[in-house]
Protein chains: 2
Amino acid sequence: MKGIRQLAKHLDISIGTVSRALNGRPDVNEETRKRVLAAAEEIGYVANQSGRSLRQGTTNVIGLMIESSKETVENSDNFFLGVTGGLQSVLSRHKLDLLMLPCPNDEDPHEYLKRMVARRIVDAMIISATQRVDKRIDLLIKTKIPFVALGRSASGGNHTWIDLDFEGVAACAVDRLVSKGHRRIAIAAPSNDINLGYIFVDAYRKSLERHGIAFDPSLVIRVKSSEQGGYQAGHEILRLDSKPTAIILIYELMAIGLYRRLNEAGIVPGRDLAVIGFREEPRGKFLQPSLTCFRMSLRDLGVELAETLLATMPAYAEHYPKGARNTIWPLELAPGESDAFSLKA
Amino acid sequence: MKGIRQLAKHLDISIGTVSRALNGRPDVNEETRKRVLAAAEEIGYVANQSGRSLRQGTTNVIGLMIESSKETVENSDNFFLGVTGGLQSVLSRHKLDLLMLPCPNDEDPHEYLKRMVARRIVDAMIISATQRVDKRIDLLIKTKIPFVALGRSASGGNHTWIDLDFEGVAACAVDRLVSKGHRRIAIAAPSNDINLGYIFVDAYRKSLERHGIAFDPSLVIRVKSSEQGGYQAGHEILRLDSKPTAIILIYELMAIGLYRRLNEAGIVPGRDLAVIGFREEPRGKFLQPSLTCFRMSLRDLGVELAETLLATMPAYAEHYPKGARNTIWPLELAPGESDAFSLKA
DNA sequence: CTGCCACACTAAAACGTTTCCGAAAAGCCG
DNA sequence: CGGCTTTTCGGAAACGTTTTAGTGTGGCAG
């Protein structure tokens, strides 16, 4: 005999009472509840999740879908591991566990998600790397599974999402550089296919125009968000007839490759070319020159994500008043040496 | 009506037959099987995992436990995301799915694993960051759950593990530096509390002695495996009376901080001090000077992990003959500029 | 004293699936 | 044609839990 039955037998109580005692139901004598809890602890009983979720239709598990494609791996750095800390701190308060679902890179994310959802292994989902138009969102809406997307998307009506403040970052970077006298400002970003690439460059363009600076397409360098991409960006810049005096990187790791390429050409970043990165990692300030970039707390983002998600789950919504369905997550400027010089005076 | 019942009704067949058809059992007419498969596809039926695993006692899910503590996050970089690719490529052949279980950093890993195991949500486990003596291993052995540990451990008798070839790397690095005329070789590693720190430094010491070089404790710099740690290591070196001519880093990111500190002191890495890193990342070769370090395929490691794990699972062992229970994973030297100079002649 | 209610508990149904067992049909052999 | 095996399927039990409905107390108000 196993499971709750064994526990019940051992206590000479019906299994129903044991279950209610364990789950904190009101109609059980406090005295017996204590006995049950003690016995459970002693025997080491933990409810079998399959049985429980079969009956309840709920699993107490939140899924976080991530993509493990090579591209993503290189770029995401420890983004997700950082975010999980914040996620867990909120979820654990509700006895919810977090499961990361890494989509195989040879499988269609949509199909993978479909399978995971059909299995009924999670109560709610967080999906990341949302595309401009993303079938996964329609799927989740159709199956009525609570979810929140990390990354804005145009599809599926008004679902809940959180995204980084790319516009704010681009605007702030441009403003800062312009105030130091820069007029020719390059930007390194991925292609427009990736939502982020589109948004970032668009915001950059608008900011330039706000300062009355004409948008020059040749200053938009489309490269991958990696060291390799940074190196390549440096390469592209050097080939321009009319070289920029500053460059904005969409990802902080790119600075490593950029620095390398510049050094090879005898150009000193932070003196001959101003550089601003995007998301600060510990390494940003150890580069030479240290990188001016934008700082954010991955943990806080995780907390926000979790709270937003819980607000969409009927069983938990009461504690988390439904705020804005769409959140723009701010980043803070962390000045470094890489753009310290001024062209003025 | 839902689930398999609906499907059976729709086909006017008993649910037992539907189930057997779906699961590829032999005692079902090929004709009816086709009908069932077609109908399932059309309706979009996927077996409810709770019901299935309750009955079968199996979940078709492999758990990969990772720790999301701050320290780990900073150090692991994309180690796990890289490994999952290889893991999945093997597991998916057996219709097994991979689940990452990120242990909250405020919870005891042992307790967390205990909870996850008790839930019966995974059929087997991969645990990482194993300690020198690790309670989790005893737990897994006691509960008879197939598992493989990423990282050697002394506890629990002879369980299965895979670990990187720290001895080989340390020996190779020392040999290389000595052959270039270096005699005072420093090493930056975490404390002996962490298994890795102990093994690495021990292998380093033995290699030195093999060359008849006396082990000098003052050349062992105990720091964290991060940019910050690298910076600090540089700081420590500069304070030594008798300075080393070379340094071995246990982690490639440390080079960024080390370079920074050296540059601040006017010391040029790769000319005044030879530097060898550990695991190569894309960024290693973009550093200035590019870092000599050791290369490995995270994906291949994932494949090896998966195959080793499957060999320990009775249901799959037939395809994966039980080889060595303990595997030392080799790394390959990738020469760079950081140790290119020679002290000889 | 009677009716009512709250309390604490038991018994049993239900969740969705797989699998065991048996039975019907069909084919084969003598 | 009778007995045998093989093929194919249906019925029902089983997995471990939660939850509903019901049962028997005892207290309390009328």
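Guide: The same surface serves both copies, as 98% of the contact residues of chain B recur in chain A, where contact means heavy atoms within 4.5 Å.

Visitor: What kind of model is this, and how are residues and chains labelled?

Guide: This is a predicted model, in which local features need pLDDT of at least 70, side-chain atom pairs count only at pLDDT 80 or more, and totals for chains, interfaces and linings use all residues. Residues are numbered from 1 along each chain as its sequence is written, chains are lettered from A and ligands numbered from 1 in the order in which they are written, and side-chain values use heavy atoms, with hydrogens and water left out.

Visitor: How many helices and strands does chain A have?

Guide: Chain A has 13 helices and twelve strands. Helices (H or I, at least four residues) and strands (E, at least two) are DSSP runs, numbered from the N terminus.

Visitor: Is chain A spread out or compact?

Guide: Chain A is more spread out than a compact globule, because its radius of gyration is 26 Å, well over the 20 Å that the globule rule gives for 345 residues. The radius is taken over C-alpha atoms, and the rule is 2.2 Å times the number of residues to the power 0.38. The C-alpha trace of chain A spans about 85 × 40 × 35 Å along its principal axes.

Visitor: What about burial and surface in chain A?

Guide: In chain A, 57% of the 345 residues count as buried. Buried means under 20% relative accessible area, exposed over 50%, and partly exposed in between (1.4 Å probe, protein chains only). The accessible surface of chain A comes to about 14,700 Å², and 51% of it belongs to carbon and sulfur atoms; the areas come from the Shrake-Rupley method with a 1.4 Å probe.

Visitor: And the contacts along the sequence of chain A?

Guide: Among contacts in chain A between residues at least 6 apart in sequence, 68% join residues at least 24 apart.

Visitor: Turning to helix α12 of chain B, is α12(B) enclosed or open?

Guide: Helix α12(B) is largely enclosed by the rest of the structure, because nine of its eleven residues are buried. Among them are B:Met254, B:Ile256, B:Leu258 and B:Tyr259.

Visitor: What do the buried residues of α12(B) pack against?

Guide: They pack against α12 (254-264) of chain A, together with β6 (185-189), α11 (227-239), β8 (246-249) and β9 of chain B. After α12(B) comes B:Gly266, which has a positive phi near 80 degrees.

Visitor: Is B:Arg261 buried or exposed?

Guide: B:Arg261, in helix α12 (residues 254-264) of chain B, counts as buried at 14% relative accessibility. With neighbours within four places in sequence left aside, B:Arg261 is in contact with B:Tyr231, B:Gly234, B:His235 and B:Leu238.

Visitor: Which residues of α7 in chain A are buried?

Guide: In helix α7 (residues 109-118) of chain A, the buried residues include A:His110, A:Tyr112, A:Leu113 and A:Met116. The buried residues of α7(A) pack against β1 (61-67), β2 (97-103), β3 (124-128) and α8 (135-142) of chain A, and also against β2 (97-103) of chain B. A:Arg120, which follows α7(A), has a positive phi near 60 degrees.

Visitor: Which residues of chain B have a positive phi without being glycine?

Guide: One of them is B:Asp12, with a phi of about 60 degrees. B:Asp12 lies in the loop between α1 (3-11) and α2 (15-22) of chain B and is exposed at 72% relative accessibility. B:Lys144 also has a positive phi of about 60 degrees and is not a glycine. B:Lys144 is in the loop between α8 (135-142) and β4 (147-150) of chain B, and is exposed with a relative accessible area of 71%.

Visitor: Where is the cis peptide bond that involves A:Pro289?

Guide: The cis bond runs from A:Gln288 to A:Pro289, with omega near 0 degrees. A:Pro289 is in the loop between β9 (274-279) and β10 (292-295) of chain A. In chain B, a cis peptide bond joins B:Gln288 and B:Pro289, with omega about 0 degrees.
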